[in-house]
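Please open the model in the viewer and keep the selection panel at hand.

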Amino acid sequence: MKSKIHLFFLVIFFTYGINFYSQTIVSTRHNLSVSGPGTIKAVSETEICIFCHTPHNSSPRSPLWNKPDPGVTYTLYSSSTIQGNPGQPDRSSILCLSCHDGTIALGNVLSRTNDIVFVSGITTLPPGTTNLSTDLSDDHPVSFLYNSTLASQDGELADPSTLTGPVKLEDGYLECTACHDPHLNVNGDFLVVTNQYSNLCLYCHQKNFWNNSAHKTSNATWNGSGTNPWFHTNYTTVTENACENCHNPHTASSQFRLMNFTPEENNCLVCHNGNVANKNIQSELNKPYSHNVAAYNGIHDPEEPNIVQIKHVECADCHNPHAVNDVTANPPDANGFIQGVKGVNADGNPVSEIQYQYELCYRCHADSPDKPGSPTTRQIEQSNVRLEFDIGNPSYHPIEGQGANPNVPSLISPLSESSVIYCTDCHASNGSNAPAGPHGSIYPHILKYNYETADYTQESYLAYELCYQCHDRNSILNNESFSKHKKHIVNIRTPCNVCHDPHGISSSQGNTTNNTHLINFDISIVQPAMMGRLEFIDDGTFAGRCYLRCHRRQHNPKRYP
Amino acid sequence: MLRSILYFAVVLAFTGVVFGQSITGSAHDFSDSTWNSSGEICVICHAPHVQDYTNPPEPLWNHQVTTATFTLYSSSTLNATVSQPDGYSKLCLSCHDGTVAIDNFGGNTAGTEHVSGDALIGTDLSNDHPVSFTYDATLATADGGLFDPANTNSGLGGTIDEDMLFGGKLQCASCHNPHDDTVAKFLVKSNATSALCLTCHNK
């Protein structure tokens, strides 16, 4: 008999209860009443709306708000790249915070004399991801005016007039309710639309280059090793996580730009360590010579000048994670890996988006006051590589354009005298399967191959492996250009670097008589001849003279051919 | 026997039929009040032959009507057009706004008894659920979080429009039945599980 009665009520409940209430607040964690599905709920209160709303004698705040204002001053989000001006939380945001800042008891409602009692003695929202605290500096900003002016100032925000769908502003202000609908939780986290593929973020955030970015398109998955890169989502691919690969809208690890991890590089390396991305950049950075991003913290800023003022390197100095892709290019054009980054052009002027790879390198290695020095002590000293590679120079490796020398018989096909090369043809991670780019190398100066510079080095292919990649060893040792190459390199054991300055000689310091063929002597090895003369003189094709003293031999002068 | 009783109770609950209750003994029963010399209940609000107040609205209204100008509810998320209280709401407010004495009935204008405490709504309605607005399918569509009153059950026997609206308008009497306090606060039905709120609000 009793079981039949129970069955009857169950039928009634499922007929009228579940169907009627499905997909409403009743089935969400925001049903804090005794019938709520969550663990945080009232002991006996049956009303659902009461935790936020009352039909009479509400707080002055609409809609018929039933809770007191927190009355606290919040720490607000700030960043060097924010154009908006978040105020203290207002409008719907302060309503949300009247539970979610953790300062007011969940059961503290205006329409009840005493606080509504919660199970387990819970009063205020327990610590956790839903308790934002009064420090909102690690949360997406709210309570800022989002108008066309802001959109155009930022340059990567949708015009608010396009927000006609699920994402809504409140009196022109962005509030919690732009992203969250407290009454409906079909998308998880009470989001107004799903954030799979960052669908929600992209309603407002329209990042330049994003549509072709690998971080938008990649189907890579996490192999389960190390740190979970997607700890705050349920998505399992890069493309699904999209913005959330790096950013966390609430309780972010770094308050600036709401990054998932600190320090900066960990946002990249959590995936680019062999656990998600194909190539392992972390292992390159662990090599003895690297662009050591771990050595700097908090110096890089997206708004920093194009010409870097304080020495540092972070992944984001060379890569734009919103733009990066695997589109290939030919020298000197920048490829997809460094698309959408700022740089300094051949004239030394800032460019907001590089066209050529070298424009990126020039940010630090050209006019920067904190640039690295030259490793070799030379007759002509120059550490500004932009001046060294200038195509008006007497000689230079062809980075910005075709080289100065029309006769280079050693060049290995398809290279020719008209070829242009990348900085990264010499400076890159070593190893045949290493990821492209100058991340790290076992060789000094992040060279891709071995390049001996010490005096009396025994010649071998490996000793000058770097040079021999382009300059055919047989041609060099057969004296096809300089007739004394073999004598110098093999017999007397003089490294290439002693006579040649591989970047180039600035026209402001050198000339076409003394400094063709990258001649700029290492003066720790090459001494002046008697009378103090230290000079190479170009006497035309494959001909010249030297005045110097080296390896105890006087050239005063010695001529070739 | 138990089975039959339970069945009857369930049917009643779901059809909205309520047990016969009257105003007698409720907070609206002023028959024992010292200022009500007649000892009658209905007379505070109604009289068979109304004669004393100008332009008295129905139903046979026997109480002085408020002339206050009210501060109305507003919200950025409110789609309805809310007017100054009219219809039945204005009758309720003729005591509950506190400007008219409860004992200003039957022609009296010198009353001294005023509503107080939770029952006092005042003339500031900005913190009260809006009333005197047209609630129809157009509003429901514009809001997106309201049921269509024409084809949504009220739980009182018919549709919202039939049972809870007055000339298509939401009024105090949509939620409150001044003659029946079976459910506390004179509610037209229980608000356990916020069932009254969720009759209209599709949240």
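Begin by selecting chain A. Its radius of gyration is 33 Å, whereas a compact globule of 561 residues would have a value near 24 Å. The model is a predicted one. Along the principal axes, the C-alpha atoms of chain A fill a box of roughly 115 × 50 × 40 Å.

Next, display chain A as a cartoon, which comprises 15 helices and eleven strands. Of the 561 residues in chain A, 39% are buried. Among the contacts in chain A with a separation of 6 or more, 51% are accounted for by residues 24 or more positions apart.

Now select H53(A). This residue is found in the loop between α1 (2-21) and α2 (91-100) of chain A. Is H53(A) buried or exposed? H53(A) has 24 other C-beta atoms within 10 Å, and because 20 or more are required, the residue counts as buried.

H312(A) and H53(A) are 259 residues apart along the chain, and a distance of 53 Å separates their C-alpha atoms.

Finally, show chain B together with chain A. Here 23 residues of chain A are in contact with 19 residues of chain B. Colouring the chain A side of this contact by class shows eleven nonpolar, nine polar and three charged residues.

Note on methods
Residues are numbered from 1 along each chain as its sequence is written. Chains are lettered from A and ligands numbered from 1 in the order in which they are written. This is a predicted model: local features need pLDDT of at least 70, side-chain atom pairs count only at pLDDT 80 or more; totals for chains, interfaces and linings use all residues. Helices (H or I, at least four residues) and strands (E, at least two) are DSSP runs, numbered from the N terminus. A residue is buried if 20 or more other C-beta atoms lie within 10 Å of its own, exposed if 12 or fewer, and partly exposed in between; C-beta atoms are placed from the backbone. The radius of gyration is taken over C-alpha atoms; the globule rule is 2.2 Å times the number of residues to the power 0.38. Two residues are in contact if their C-beta atoms, placed from the backbone, lie within 7 Å. Ala, Val, Leu, Ile, Met, Phe, Trp, Tyr, Cys and Pro count as nonpolar, Asp, Glu, Lys and Arg as charged, and the others, Gly among them, as polar.
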